[in-house]
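Here is a friendly briefing to read with the model open beside you.

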Amino acid sequence: MANDIFCRIIKGEVPSSVVYEDDDVIAILDISQTTRGHTLVIPKEHYDSFLSCPKDLMQKVYAVAQRIGQAEVSVLGAKGVNILTNVGEQAGQSVPHFHVHVIPRYTGGEGGFQITMKGQDTSAMDLPRLAFDIKKGIK
Ligand code: 5GP
């Protein structure tokens, strides 16, 4: 049985800043904030990656990702959003549990498509407040 870090977060064994939760899906702030509000949308049932996730559940995950992207624009003032999933170590997947990154992009950031997800210092960020703000904006 899988016991990766997201399984442990879902079981409540490891704390996280929860942005959204229903019976099938949880969304949490990424511990390494590529930009302010970087969120991970994760199915509660374990599948190694996007490619092995059943279609119905995959669609639920992406439906939540869309709503969070909308909230990042309306609440956080993002001007754009990257929505992406890495499949396999060679593609940069470091946690072998399907998840979708929802990364807000702001004015003044580097323009254009970026696949770099280098983290930034989060010590000055109020992550619970950030999660609360996004949660408020989810329709
Ligand atoms: P991947 O590299 O697999 O596409 O993305 C995995 C993401 O999970 C990374 O961006 C990483 O920062 C994030 N991550 C790893 N461990 C934790 C954790 O314990 N808590 C949270 N909230 N995010 C994590």
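Where is Pro96 found? Pro96 sits in the loop between strand E4 (80–84) and strand E5 (100–105); helices (H or I, at least four residues) and strands (E, at least two) are DSSP runs, numbered from the N terminus. This is a predicted model, in which local features need pLDDT of at least 70 and side-chain atom pairs count only at pLDDT 80 or more, while totals for chains, interfaces and linings use all residues. Residues are numbered from 1 along each chain as its sequence is written, and side-chain values use heavy atoms, with hydrogens and water left out.

- Pro96 counts as partly exposed because its relative accessibility is 47%; buried means under 20% relative accessible area, exposed over 50%, and partly exposed in between (1.4 Å probe, protein chains only).
- Not counting residues up to four places away in sequence, Pro96 touches Asp4, His46, Tyr47 and Asp48, where contact means heavy atoms within 4.5 Å.
- Pro96 and Tyr47 lie 49 residues apart in sequence, and their C-alpha atoms are 7.9 Å apart in space.
- His97 is found in this loop between E4 and E5 too, and His97 is buried, with a relative accessible area of 0%.
- Setting aside neighbours within four places in sequence, the contacts of His97 include Asp4, Phe6, Cys7, Ile10, Ile42 and Pro43.

**Helix H3**

- Helix H3 (residues 127–137) has Leu127, Leu130, Ala131, Asp133, Ile134 and Gly137 as its buried residues.
- These residues are on the same side of H3 because they cover an arc of only 160° around the axis; the arc is that of the directions from the helix axis to the C-beta atoms.
- Exposed residues Pro128 and Lys136 are carried on the face of H3 turned away from its buried side.
- The cover over the buried residues of H3 includes strand E1 (18–21), strand E2 (25–29), strand E3 (39–43) and helix H2 (55–74).

**Nonpolar cores**

- The largest nonpolar core has 24 residues, of which Val19, Tyr20, Leu29, Val41, Ile68, Val100 and Ile134 touch the most other members. A nonpolar core is a set of buried Ala, Val, Leu, Ile, Met, Phe, Trp, Tyr and Cys residues joined through side-chain atoms within 4.5 Å.
- At least two residues of this core come from each of E1, E2, H2, E5 and H3.
- H2 gives the largest share of this core, 7 residues.
- A second, separate core has 8 residues, among them Ile9, Val14, Ile28 and Val95.
- Beyond four places in sequence, Val100 has contacts that include Thr39, Leu40, Val41, Val61 and Tyr62.

**The ligand site**

- Which residues come nearest to the ligand? Of the 16 residues around the ligand, these are Leu29, Asp30, Asn86, Ser94 and His101; a residue is near a molecule if one of its heavy atoms lies within 4 Å of it.
- Asp30 places a polar side-chain atom 2.5 Å from an oxygen atom of the ligand.
- For Asn86, an N or O atom in the side chain is 2.8 Å from an oxygen atom of the ligand.
- Val95 uses a backbone N or O atom, 3.0 Å from an oxygen atom of the ligand.
- The protein buries 83% of the 520 Å² that the ligand exposes when taken alone; accessible areas come from the Shrake-Rupley method with a 1.4 Å probe, and for residues only the protein chains shown count as cover.

- Gln33, in the loop between E2 and E3, is buried, with a relative accessible area of 0%.
- The Gln33 side chain reaches the backbone nitrogen of Gly37 at 2.8 Å.
- Met58 belongs to helix H2 and, not counting residues up to four places away in sequence, touches Phe50, Cys53 and Phe98.
- Gln70 is also found in helix H2 and is partly exposed, with a relative accessible area of 42%.
- Gln70 and Gly137 are 67 residues apart along the chain, and their C-alpha atoms are separated by 7.7 Å.

Note on methods. A polar contact is a pair of N or O atoms within 3.5 Å; within protein, one must be able to donate a hydrogen and the other to accept it, and residues adjacent in sequence count only if both atoms are side-chain atoms.
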